[in-house]
Amino acid sequence: MSDAWERRATSLQIADLVAMSTDDWPGHVVATAYLQGCPWRCTYCHGGPMLDPTAPGVVPWSHVTDLLRRRRGLLDGLVLSGGEPTRQPGVVAAAREVKDAGLLVALHTAGAYPGRLPELLPHVDRVVLDVKAPAYLYRAITRTGAGVTTADKAFASLRLVLDSGVDLQVRTTVDPAVLTDDDVTELTAVLADLGVRDHVVQDARPGPVVDPYRDVLARVPRAHLHRG
Ligand code: SF4
């Protein structure tokens, strides 16, 4: 595959398309495209088959643009989620195309590819960024890379989004088998120092395809599972 082909929106491997959602961007009615593939393997991930970066997508980009055209006036915009949507070079052209059509674009990302953000963020109205843990605990959740490499990527992405001025919500899904309440408090303070003004903390929940993790959660004292 050529570099030029990969940078087209039509190259996107899309695992799923939700035609209408009022939850994915509170206050807006949006469609959500789930892009195939993620480099990380988080303990609590519900992505399942969507994580495989070698699996082909099942929704052509033309289905997304047809939907946005048909529902013009009903949909405010498109959420690009995943998997990890910044993994695929075509996401930049996709976001630009939606913006150029006069619609809003949101990006739900874990920040695994900070190098993609400088060209992507100008075409994005809102970012929801997962920040999973203080840096030294990141690998225990992402189960990928060495040392703090996944944390370095996530925090580099956070810096880029903060510097861009794009509307940002940071979300932390608490894996109670890794994070104590003190760890969450520390992370919240670190994020506030960096300039994060909207930080949502939520509990990890076992998904249907991660039975070993369901067992892990069952062994964690319930006192740790207190977030809504
Ligand atoms: S970064 Fe997100 S999509 Fe990727 S493994 Fe972690 S929770 Fe799943």
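Predicted model: local features only at pLDDT ≥ 70, side-chain atom pairs only at ≥ 80, totals over all residues.
The protein chain contains eight helices and seven strands. Its radius of gyration is 17 Å, close to the 17 Å that the globule rule gives for 228 residues, so the chain is as compact as a globular protein of that length. Along the principal axes, the C-alpha atoms occupy a box of roughly 50 × 35 × 35 Å. Buried residues make up 39% of the 228 in the chain. Of the contacts with a separation of 6 or more, 70% are between residues 24 or more positions apart.

The seven strands of the sheet are arranged in the order S1-S2-S3-S4-S5-S6-S7; the sheet is open and its pairing is mixed. S1 and strand S7 (199-203) form the edges, each pairing on one side only. On average, and with direction ignored, neighbouring strands are turned by 20° against each other. Within the sheet, S2 and strand S3 (residues 77-82) run parallel and are joined by six bridges. Ala 33 is placed opposite Leu 80 of S3. Helix H3 (residues 91-100) packs on the sheet and touches S2, S3 and strand S4 (104-109), its direction making about 165° with that of S3. Helix H2 (residues 61-70) lies across S1, S2 and S3 and runs at about 10° to S1.

Thr 172 belongs to strand S6 (residues 167-174). This residue is buried, because 21 other C-beta atoms lie within 10 Å and the cut-off for burial is 20 or more. Leaving aside residues up to four places away in sequence, Thr 172 touches Val 131, Lys 132, Val 184, Leu 187, His 199 and Val 201. Its C-alpha atom is separated by 13 Å from that of Ala 151, 21 residues apart along the chain.

Val 29 is found in the loop between strand S1 (14-21) and strand S2 (30-35). With 14 other C-beta atoms within 10 Å, Val 29 is partly exposed. Its contacts, again not counting residues up to four places away in sequence, are with Met 20, Thr 22, Leu 74, Leu 75 and Asp 76. Val 29 and His 108 are 79 residues apart along the chain, and their C-alpha atoms are separated by 16 Å.

The ligand is surrounded by Cys 38, Trp 40, Arg 41, Cys 42, Cys 45, Gly 47, Leu 51, Gly 82, Gly 83, Glu 84 and Ala 110. By class, this shell comprises six nonpolar, three polar and two charged residues.

Note on methods. Residues numbered from 1 in each chain as written. Helix = DSSP H or I, 4+ residues; strand = E, 2+ residues; numbered from the N terminus. Rg over C-alpha atoms; globule rule 2.2 N^0.38 Å. Buried ≥ 20, exposed ≤ 12 C-beta atoms within 10 Å, placed from the backbone. Contact = placed C-beta atoms within 7 Å. Near = placed C-beta within 6 Å. Nonpolar A, V, L, I, M, F, W, Y, C, P; charged D, E, K, R; others polar. Pairing = 2+ DSSP bridges. Axes fitted to C-alpha atoms, helices over the stretch in contact; angles between N-to-C directions.
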